[in-house]
Amino acid sequence: MDTMTPKPHRAVTFSDPAAFLSDLDPRMVGEIVSSAADLALIVRDGVIQDVALASSELAEEGYDKAWRGKSWLDIVTPESQSKVEDMLKPQDDSGVKWRQVNHPSSSALDVPIRYTVLPIGDESTLIALGRDLRGVSRLQQRLVEAHQDLERDFTRMREAEARYRLLFESISEPVLIVSAGTLEIDEANAASESLLDIKAETLRRKRLQDIVAGANAREVESVCADGLANGAARSEKITLSNGKACRLQVSAFREDRASRLIVRIVDFDKAPAETDARSQLLAYLEHLPDGLVIADQDLRIVAANAAFMEMVKVVGQGQAVGRHLGDFIGRSPTDVNVMISTLRNHNVLRNFATVFRDRFGVEDTVEVSAVKAPSEDGPLYGLSIRNVSRRLQTDTSISEQLPRSVDQVTKLVGRVPLKDIVRESTDLIEKLCIEAALEITQQNRASAAEVLGLSRQGLYSKLKRAGIDHD
């Protein structure tokens, strides 16, 4: 039995059709039939005599002209011919039967039509009423595709979760996943169990304050609040409930529209000297008056100290992390390109003069020293940024040069024609500007030409005229 074929049901007909329908003329009956079905066929001895189409999509296929005079068996796909043969046989009184058959189409897909047949006149003449199932077929196809997409997403999710679990449990450092709102421990790895002497199942029912000595509970709450506000924070030395000394390092992240914290527990007993020295160094760097920033190989900011945050005029690292260095450093993109080119070639950069912009566009003169360091994900660039605008305002060694030079020029008034004085002044200013551009670009001729808005050949010509060595 074909499970896809609907079970036949006995139609409920009008109780007295002769009283109301006897006056209908054939044209009206034809309009009613063609409107009630997407497709209607008049079939005599298996041959299609006439076609009525209510569906515009079927009309576009040209079935009304192509099917007239053809055998019904010839216009269906081979696997549907047996169903058509059944419908052409004399019908019993078991009720209305619907059968789905497929018609070849000009497109790659067949056209599925669901038919029922009714005899008219003698048994050799039938009317076949059809319903276009392409809409249903498209919905079924979308449902199958959506189900397959869900299956693929679910498989990827399970694989990602398995990798996360494997990584989480294999980390030798104790790590806790904590809910930011309640500070309840959601996850704990095997290293946490070993350090705290508490099973993971028991840890998941505790709050973070419960695993430290009572006197340190307030400090734990404070460092978690700082981590949530700034993205990362670290505690001072605290004591766990089992008496071990440690330090908490807190990082914040978002999951399921809720904030959570990654809490790393640094055990002092394993490497106390190294841990203390490294933490002290990081603390000093954090509080240095010069701005310190670390950028990745794409020049995106990875981390920065408090002084850099103050220079940028932002509250937390989250407002600066991910931004490009060029958003804050350089008169033009050339400055950053020169710095990075020097770092890539020599691994170090010292006292590079440029400008620094805060997030409101206010500029200050700065000196940048930098270093390149390798990492697993590519090179990292560490930059030290020092504001020197006040120092330049009080430094008269440079400013005194220009008035003396201008005085020398103005003393020529009365002795030399004006056009010669103007030419002399122009040459002097041009020479000073070229020397400044070369100093800014670390004697890089191509970059100096770009800073001055000149072509490289134009710069060489002016260098020669000004008597500046350009070899």
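How many strands does the open sheet have, and in what order do they stand? Let's find out, view by view. This is a predicted model, in which local features need pLDDT of at least 70, side-chain atom pairs count only at pLDDT 80 or more, and totals for chains, interfaces and linings use all residues. Residues are numbered from 1 along each chain as its sequence is written, and side-chain values use heavy atoms, with hydrogens and water left out.

**View 1. An open sheet with antiparallel pairing.** The sheet has five strands in the order β2-β1-β5-β4-β3. (Strands are DSSP runs of E, at least two residues, and helices are runs of H or I, at least four, numbered from the N terminus; two strands pair if DSSP finds at least two bridges between them.) At the edges are β2 (47–53) and β3 (99–103), each pairing on one side only.

**View 2. Strands β4 and β5 side by side.** Residues 111–119 (β4) and 125–132 (β5) pair in the antiparallel sense over seven bridges. Look for arginine 114, which stands opposite arginine 131 in β5.

**View 3. Helices α17 and α18 packed together.** Helix α17 (residues 445–452) meets helix α18 (residues 456–466) at an angle of about 95°, their axes 9 Å apart. (Axes are lines fitted to C-alpha atoms, for helices over the stretch in contact, and angles run from 0 to 180 degrees between N-to-C directions.) The two helices are therefore roughly perpendicular, a term for angles of 65 to 115 degrees. Contact (heavy atoms within 4.5 Å) involves residues including Leu452 of α17 and Tyr460 of α18.

Methods
Angles under 35 degrees count as roughly parallel, over 145 as roughly antiparallel, 65 to 115 as roughly perpendicular and the rest as oblique.
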